[in-house]
Amino acid sequence: MLRDITLGQYYPVDSPVHRLDPRTKIILTVLFIIAVFMADQLFLYLFILGYLVMAVYVSRLPARMIIRSIRPMRILLVFTFVLNLFFGAGTTALFTIGPVTIWKEGLMNAVHFTLRLVFLVMGSSILTLTTSPVTLTDGLETLASPLKKIKFPAHEMAMMMTIALRFIPTLVEEADKIMKAQTARGADFETGNLMARARAMVPLLVPLFVSAFRRAGDLAMAMEARCYHGGEGRTRLHVLKIKRGDIIAFLTMAALFVLLLLPRWL
Amino acid sequence: MTTIPHLVLDQVTYRYEPEAPPAVNQVSLTVPRGQFAAVLGHNGSGKSTLAKMLNGLFLPTEGSVLVSGMDTREEKHTWDIRQAAGMVFQNPDNQLVATRVYDDVAFGLENIGVPTQEMPPRIDEALRLTGMSEFADRPPHLLSGGQKQRVAIAGILAMQPEALILDEATAMLDPQGRKEVFDTVARLNREQGITVVWITHFMEEAAKAQRVLVMNHGGIEMDGTPREIFSRVEEIRDLRLDVPPMTKLAHMLNARGVPAAPDVLTVEEMAREVKRLCPSCWKN
């Protein structure tokens, strides 16, 4: 039952976006979020939408995967829309139903915030769909490494993430095994109310934690035996390099910014 | 074979706690370069502790351990020693770090600061020597136990070690995986001249070594060729160990008055003995 978990949402196809440097993709995602918040008139969202469609097209992701990425957010989206619609005060009333007045400003806010949220989620899901967790970790480590000067443990964080990614399938497999062993001895994980089920998890979690700690001890010993001594003096198999594709990607983002800023200057 | 000392233990004692009884007690031992030495002993005999002192994971409480002439107690040698004497552990799941075989083999190289462009040839060579080339892109959790251990060995080989220490590396494997790992290590010993310290409780594996060391209560009780050691069936049994199945059979035949040679180790040797003792039993 726990067998087929996939890590992250990485969608493995080969595309120019997949090949981009992970740092480029992380920075572009941040810039895209800024761009989304810069759009203050409805027609500007067309540019944002255009950029998103282009990015999805170039990354060869199925459009439905991007649309599906907002599904976990649907309740929040409805909430955002309704709250802004009914509780936003303004000066121009559109219409009144009973005690509720819908204001023009309220409607505008509702549309703006909902659209922003949708674009935000879709934009960042392109990052996670086109970048494997390991590559993402590499990118984050390199981006964060200037922070080492202020004692930010960039290398250690990245190493922790890599090890977590490596051990999740192992621990899932083990949890599955323990679960079966406990079921064979009469444990019941599926019936009862929330409390009963939470209590049933104890005989699963205790051995799982004990084993995880033992594994951690073993792994630390094995890493030391292989000369691991932190990030200092360490070289890397995968060296990140900015290529032509990255520069093109940055230029497209610059173009989007120009389009968004143009109405303010005119 | 040359007998240049490679791993040298001099009066080594190790205690986990200052007051605890020693896990390894006054052991002096020299393993020459290129030797394949098996270490036997029941649980708690100190063989694992001894192994961890051979690459500086544990430092001796008393005495000294020299690896290729470097003293493990000197901190400046720590990383050179761990590179020179690579170690494979028992649990195949708990020693691989990366999410891809190829990246895992690179882990040690990254640690010792090998330049990026020198890594791929060394990784490819290590994977080739362990027969794992075709698995380079696999995530470790999709490999069998024997394959995982071979990846662990490849990760060490890439660092170009002079000695391999295997701490019950086959204990958690199925017979097929055990054979894979043993054959890989035996071949590395033969073809690359790598010194091997093979800690095990499988007698058939020890029978194939050049030298067998039997540990008991933290000391080395017996030291000799497999033939010498395993013909001493009673002593071995007193140490709560077993002898290889064919040696046991020869011993049982002896007890029933059949004059089979008591130092038979393998099935082939036993077949030869049967042929010698009873030529008429042998067809063709």
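Q: Helices here are DSSP runs of H or I with at least four residues, strands are DSSP runs of E with at least two, and both are numbered from the N terminus. Which helices sit on either side of the loop with A:Arg60?

A: In chain A, that loop runs between helix H3 (44–59) and helix H4 (63–68). Bear in mind that this is a predicted model: local features need pLDDT of at least 70, side-chain atom pairs count only at pLDDT 80 or more, and totals for chains, interfaces and linings use all residues. Residues are numbered from 1 along each chain as its sequence is written, while chains are lettered from A and ligands numbered from 1 in the order in which they are written.

Q: Switching to the chain B sheet: what's the strand order?

A: E6-E7-E8-E3-E9-E10, an open sheet of 6 strands with mixed pairing. Strands count as paired if DSSP finds at least two bridges between them.

Q: Which strands are at the edges?

A: E6 (85–88) and E10 (219–224) of chain B; each has a single partner strand, so one side of each has no neighbour in the sheet. From one strand to the next, the twist averages 20 degrees, with axes fitted to C-alpha atoms (for helices over the stretch in contact) and angles running from 0 to 180 degrees between N-to-C directions.

Q: How does E10(B) pair with E9(B), parallel or antiparallel?

A: Antiparallel, over 5 bridges, with E9 covering residues 211–216. B:Met215 has B:Ile220 as its bridge partner in E10(B).

Q: And E3(B), buried or exposed?

A: Buried: 5 of the 5 residues of E3 (residues 36–40) are, so the strand is largely enclosed by the rest of the structure. One face has B:Phe36, B:Ala38 and B:Leu40, the other B:Ala37 and B:Val39.

Q: What does E3(B) pair with?

A: E8 (residues 195–199) of chain B, parallel over 4 bridges, with B:Ala37 opposite B:Val197. E3(B) also runs parallel to E9(B), joined by 4 bridges, and there B:Leu40 stands opposite B:Val214.

Terms used: A residue is buried if 20 or more other C-beta atoms lie within 10 Å of its own, exposed if 12 or fewer, and partly exposed in between; C-beta atoms are placed from the backbone.
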